[in-house]
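Visitor: I would like to go through this model and ask what stands behind each label. Please show it first.

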Amino acid sequence: MRSAQLLLGLFGFAVAIVFMIQSHLGLGPWDAFHVGISLWTPLSIGVASIVTGLVIVAGSALLGVRPGIGTVANMILIGVFIDLLLPRVPVADGWLMGLVYYLPALAVIGLCTGMYIAARMGSGPRDGLMLAVAERTGWSVQLVRTIIELSALGAGWAMGGKVGIGTIFFAIGVGPSAQWGLRLFGMIPSSARPAPTGELPAAADSVPPVPVRGAGRGAL
């Protein structure tokens, strides 16, 4: 059951990315970052993505997040699903249809992030980093994810990666979307006080409980 939840979450994540790509509203921050690396090094975009993922996994491990099978699946299967789905989704006809593609896909990103992390088989490289930093700092998932995405966006743009209005939507919206998805699947508490570690099953030790500051004041 957990394996099915993991696969469904990764597949939905890939579907969302494909619709974002076909919206032609701009590369996501990490895609812009990978393109930027490929422009400055001999690495292809795909290899740049893999190397970036490995570096992030290593950094997250130093912060106490152990990679699991879900981490490996994230790095491999999302790319496979994207390659399979991309030819089957038509390019958006104009910016209005692009928004119809992009905005629901952003919500699906958050939903599927919560879904595959809640399978408790290991988070993806970037999600593991997001949760580790949130755990260490006490900052909200929304804030941490937004900072990470904006950092990737800035670096990618500086290296020549193409950005657009969709890039800004993603960089700003993925934090609230991811926090909503994690809360929906019970991975972060809905109240301001963090859930005690002992309330989580032992299998969840690779995904630490994340404190959420300011929830009592209406913050996500």
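Visitor: How does the lining of the largest cavity divide by class?

Guide: Five residues are nonpolar, five polar and one charged. Ala, Val, Leu, Ile, Met, Phe, Trp, Tyr, Cys and Pro count as nonpolar, Asp, Glu, Lys and Arg as charged, and the others, Gly among them, as polar. A caution on provenance: this is a predicted model, where local features need pLDDT of at least 70, side-chain atom pairs count only at pLDDT 80 or more, and totals for chains, interfaces and linings use all residues. Residues are numbered from 1 along each chain as its sequence is written, and side-chain values use heavy atoms, with hydrogens and water left out.

Visitor: What makes a space a cavity or a pocket?

Guide: The test runs on a 1 Å grid over the protein atoms alone. A cavity is a set of points where a 1.4 Å probe fits but cannot get out; a pocket is an open set with protein on both sides within 12 Å along at least five of seven lines. Lining residues have an atom within 4 Å of a point. Points are joined across faces, edges and corners, and a volume is the space filled by probe spheres set on the points. One cavity of 30 Å³ or more is counted. The largest cavity holds about 60 Å³. Val57, Ser60, Val65, Pro67 and Thr71 lie nearest its centre, among 11 lining residues.

Visitor: Which helix gives the most to that cavity lining?

Guide: α3 does, with three residues. Helices are DSSP runs (H or I, at least four residues), numbered from the N terminus.

Visitor: What lines the largest pocket?

Guide: There are 35 lining residues, with Ile17, Asp31, His34, Ser49 and Ile82 nearest the centre. α4 supplies the largest share, eight residues. The pocket's volume is about 1000 Å³.

Visitor: Why is Val55 called exposed?

Guide: Exposed means over 50% relative accessible area, buried under 20%, partly exposed in between (1.4 Å probe, protein chains only). Val55 has 57% relative accessibility, so Val55 counts as exposed. Val55 sits in helix α3.

Visitor: Which residues touch the most other members of the largest nonpolar core?

Guide: Met130 and Leu182, out of 45 residues. Such a core is a set of buried Ala, Val, Leu, Ile, Met, Phe, Trp, Tyr and Cys residues joined through side-chain atoms within 4.5 Å. α5 gives the largest share of this core, nine residues.

Methods: Helix = DSSP H or I, 4+ residues; strand = E, 2+ residues; numbered from the N terminus.
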